[in-house]
Amino acid sequence: MSDSRPGGGHGGIWMTGGLAATVVLNGLTLAALYFIVASGFSLIFGLMRTVNMAHGSLYMLGAYVGYAVFEPLYDQDLWYAWHVGILAGIASAAAFGVLMQVSLLGWMQGQELRQALVTIGVSIIVADQLLAFFGGTSRQFFAPDSIFGSTTLPEIGRYPTFRLVQIGIAVGVGVALWLLLNKTRLGLMIRAGVDDRQMLAATGVNVPLVSLAVFALGAGLAGLGGIIGSTAQPLVQGVDVRFLLTSLVVVIVGGMGSIAGTAIGAILVGLAEQVGQAMFPTYSVILTFLIMSAVLALRPQGILGRPA
Amino acid sequence: MDFRMDRRKMLLGALGTGAVAATGLRMPAYAQNAPIRMGWLSTLEGPFATGGQDAWRCTQMIMEENNNQAGGRRVEIVRESSNAQADVALARARKLVEQDNVDFMVGPLSGAEGIAVRDYSRTRPNQAFINGGSGAADTTLRNVSPNFFRFNMDGTQWMAGLGNYVRRTLNVQEVAIVAGDYAFPYAQVFGFSLEFCRAGGRATYLWSPLGTTDYSSIIARIPRTAGALVVIHGGSDGLAFMTQYAQAGGSLPLIGGSIMADQSMLSARGPHRRLMVGMVSAGPLADVVDDPRWVDFTNRYRARWGREGFNSPSIHGYNYYVAMQGVLLALNAVRGDLSGGQQGFMRALAASDYTTPMGARMRLDHNRQAISDTFLNRIEERGGQAVTVAFDRARDVNQTLGVPEAQFLALGAPSRDNTGCVAQS
Amino acid sequence: MSGDRTGGAGRTGLGLRGLGGGWVIPASLALLAVMLVLPAFIPPFFTGNILGRAIVFGIIAMSLTFLATYGGFVSLAQMMIAGVAGYAVAVLVPGAVPSIVGGVPYGLAIPIGLLAATLMGLLVGAIAVRTQGIYLLMITLALGVGVQLFIQTNIAWFNGYEGIRNVVGPDVLGMPFRDTYVFYYTTLAIAAALYAMVLYLVRTPFGLALQGIRDNVRRVNALGYHAAWHRIAAFGVAGFIAGWGGLLFTFYNIGISPGSIGLGGTVNILIMAVIGGLGHPIGAFIGAVIFVVFDTFAADLYDRDRFNTLIGAVFLVIVLVSPDGVLGLAKRAGRLFRRAPAPSPAEARQ
């Protein structure tokens, strides 16, 4: 019974009085995940005015498909299992997003409420089919050993390395999106489309094709979020709702269609959740919604949103 | 035998004969050759569907063993499903009883559902309601219903023996308890603390809401003086906690709640498994127990379900199986006679005394709640798989853990402020 | 019904405009008469658990239809608002398990529950007042799910995940609410009264102004109406309606738990309203009956395990084929038979 001998470990070694710093860092790591997911939502909305209520389903779909690819590779101890899982997750979510745009949403462009309802219908079916295929057991990705363990930080002590990686990935996504939107032709077209769709069409740009590209990109970001999120937290039925809700709140706070706004929204919401949980656990949900209500009262279009 | 076929056929019949047949002009409940109609309700939809599916597997097994007969009559099952929500379970129970005209029903699976069905059972005093797997203590402790029977123990009972073991055998003075902030963990914490604190142990409680995904601040608050970590989380919360604890380099000896060591948790791969080997937990069953009945049962389970099922029956499958044992034995005792408002059948249910596949004696108390054995388990690696191995048991655990009922009720319902740690501090 | 229906906040793609005509009141009275005598011809299970349950859902769905039809707001907070009434009563009444406040008789608890739902409706309206269309949809959804999450994690007031059980309902004229027929006729009477209230309200200056706001905010503002106050008031009315539904829902279910008022419940209400049709309040009840029949008998028609796929597909098909729901289908079918000369401007736009 040596394995269960008491006193063998010291559970509190990483309790260093830096609890506040830990909470803030937790908030930022959570914000990083929210940003990855919500930026896809915001992007799709920005160009197409489509509120994709199936965005959480894309997150979950990407995560489950990624897991199905990841699991056999992980069993064989292949170092690239997680990386392949990420690619599979992004690809499957992007493909499904394109499929949705082509088959359902494209031809009702401009009927915003109807599109939202269609995507609600899709999300009900996707959630149920994922449950049928993958069951209710919780799953989790395991990052490569190099980023799995913990890193010692000043003030905080040992902190999960993957969380720091998460922030890095979010910053990478943010920079890549900025470059894409500001330095490429596609980005130019997207920005023009956000400003004035009709004008963009009038200048001879193939708007449906640009729309497809944006949908693939936005959905792919949901898929990426799905893998990252399911590495940091378990993947269970119901995460679709959670991430849809979070995406909604983040873009409502930050401003629809603005990537920088999404980043600000994600940071506010991530920090609010963690600080709330640390300070008044049973009322933490309220804090998030107070922020949302306050923003709506002062700036209905969101912090960096443009007036509708 | 495919019960679904039966159900379909039967219901098509019912629909075919139309509204008249359903207006209440049904046959007298007791007719020697008419089949017994049993309603069966579990959670086959939503995130808890895995447990419900296993419950259905085990129910099919026991029906097959008995050739779909009990008390000399054929037993037909009308199957319904909920999604672990109380209102849905209630709607299904009403349908089974009022529309499908079942004689009695078995189910549901989860806590709040059980209380909803218990409340409903009071309005149908001439029909028996046998719990499936739901484990909220109040269902059979406060506001009880005379025709509701439960052949599984509740979350508090499941922890019997663990607190004493940790304090006395492992000689741990102080533990940190991390637990979910809702009813089931309250009940489990209560059962653990009652013994542990009475034996002189000290405990720090760290609660987190259901569905918490980030446990780092909880992990950071585990006191340095704690000699063991008691983890009472279910399902994905447990997996999340354990993964993050592993990630943070935690190394305290682990003590688990009853659903921490469930097959669904052990079959999930990942770094948490390394930590969980050696974890001691308590519950109504183990994967490996030194009893020929259990070896036989698990072998039959694997042979019958192969890859479709788990490596070993889950807690929900087991609970439904044991409940079905009680039902079929009681039907045998009354020779299938459900007349007279099922009074004879209900008396037989209340007087149940049988042995479960775990080799545990099963009886009911005056509230028709199970008195049975709880097992102390340790997680071991066997054949490349983590399994729970029973190494001790607490016998004949009643719902008040041996405390006189009035005194137990006076302690109040378990909650985050009522942890059962009453002896010390 | 009157009002200029051209122009306005139109980019919805849904049949969000009121049907009207002189047939509404006679048809409604005929339907009510049928509903009054129907229990004599159908089994108690159908009376209580199909029709009764459908009417309860229908009341909640009607609060959404009312907002959508006459205000142009698709609010996804209505199930949550219904839950607020249900929880208020569950917290207050004697006999509830666990007893949180307890001891407040139903005669007092019910008005408090309705007041709570109305206030919550006003609050949702106030928060969402400066938004419309899909923004409003998103915000109301976020509020609805947010409040539900709060209830689910709050033990002290709402008993968290398990909810509050054993809320048996009041005695009606000395008879227990749990009797199938007492439940059915009480529910039917409340539904009929609320339905009549909606029909009346939309003809009052308030209702007309509301429809004016739906069609053209600027014009209504120019006429000197205060659009924002009208919108908030409309949410208050919808909250009151949903509150009644929430009370009946709680009594029918002998209690309330957060799972019933979360996203699942919210989407179910939306499904009912859309399947029935957002063109007239009666659509809510039509949709609710269809939903409840599906919900109850799905296990016999189709594998119960995949009920959500079935109902999701039905919903999707309705939105794709006939966004104005069964009512829209019926209207089109009726036109085919009658060979109506010209569609109204509202339909011509589609």
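Helix α2(A) is mostly covered, with 15 of its 21 residues buried; a residue is termed buried if 20 or more other C-beta atoms, placed from the backbone, lie within 10 Å of its own, exposed if 12 or fewer do, and partly exposed in between. The structure is a predicted model, in which local features need pLDDT of at least 70 and side-chain atom pairs count only at pLDDT 80 or more, whereas totals for chains, interfaces and linings use all residues. Residues are numbered from 1 along each chain as its sequence is written, and chains are lettered from A in the order in which they are written.

Helix α2 of chain A comprises residues 55-75; helices (H or I, at least four residues) and strands (E, at least two) are DSSP runs numbered from the N terminus. From first to last C-alpha this helix reaches 30 Å, close to the 30 Å expected at 1.5 Å a residue, the expected span being 1.5 Å times one less than the number of residues. A kink of about 25 degrees lies at A:Val69, shortly before the proline A:Pro72; the bend is the angle between axes fitted to the seven residues ending at a residue and the seven starting there. Just after the helix, A:Asp77 takes a positive phi of about 60 degrees.

Chain B is assigned domain 1 (3-154 + 291-372) and domain 2 (157-289 + 374-409), with bounds taken from an automatic or database domain assignment. The C-alpha centres of these two domains of chain B lie 29 Å apart. Their contact takes 25 residues from domain 1 and 22 residues from domain 2, where two residues are in contact if their C-beta atoms, placed from the backbone, lie within 7 Å. On the domain 1 side, α12 (315-333) and β14 (370-382) of chain B are the elements that give two or more residues.

Chain B also meets both other chains. Towards chain A, 43 residues of chain B are in contact with 40 residues of chain A. Helix α8(B) gives the most to this side of chain B, with seven residues, and the side divides into 21 nonpolar, 18 polar and four charged residues. In this division Ala, Val, Leu, Ile, Met, Phe, Trp, Tyr, Cys and Pro count as nonpolar, Asp, Glu, Lys and Arg as charged, and the others, Gly among them, as polar. The contact between chains B and C takes 38 residues from chain B and 30 residues from chain C. Here α3(B) gives the most to the chain B side, with eight residues, and that side holds 17 nonpolar, nine polar and 12 charged residues.

The largest nonpolar core has 356 residues, of which A:Ile36, B:Met105, B:Val175, B:Leu229 and C:Ala142 touch the most other members. Such a core is a set of buried Ala, Val, Leu, Ile, Met, Phe, Trp, Tyr and Cys residues joined through C-beta atoms within 7 Å. Helix α2 (residues 44-71) of chain C gives the most to this core, with 17 residues.

Several loops show particular backbone geometry. The peptide bond from B:Gly107 to B:Pro108 is cis, with omega near 0 degrees, and B:Pro108 is found in the loop between β4 (104-106) and α4 of chain B. B:Arg368, in the loop between β13 (361-364) and β14 of chain B, has a positive phi near 65 degrees. This arginine is buried, with 23 other C-beta atoms within 10 Å. C:Asn166 likewise has phi near 65 degrees and lies in the loop between β1 (164-165) and β2 (171-172) of chain C. With 21 C-beta neighbours inside 10 Å, C:Asn166 counts as buried.
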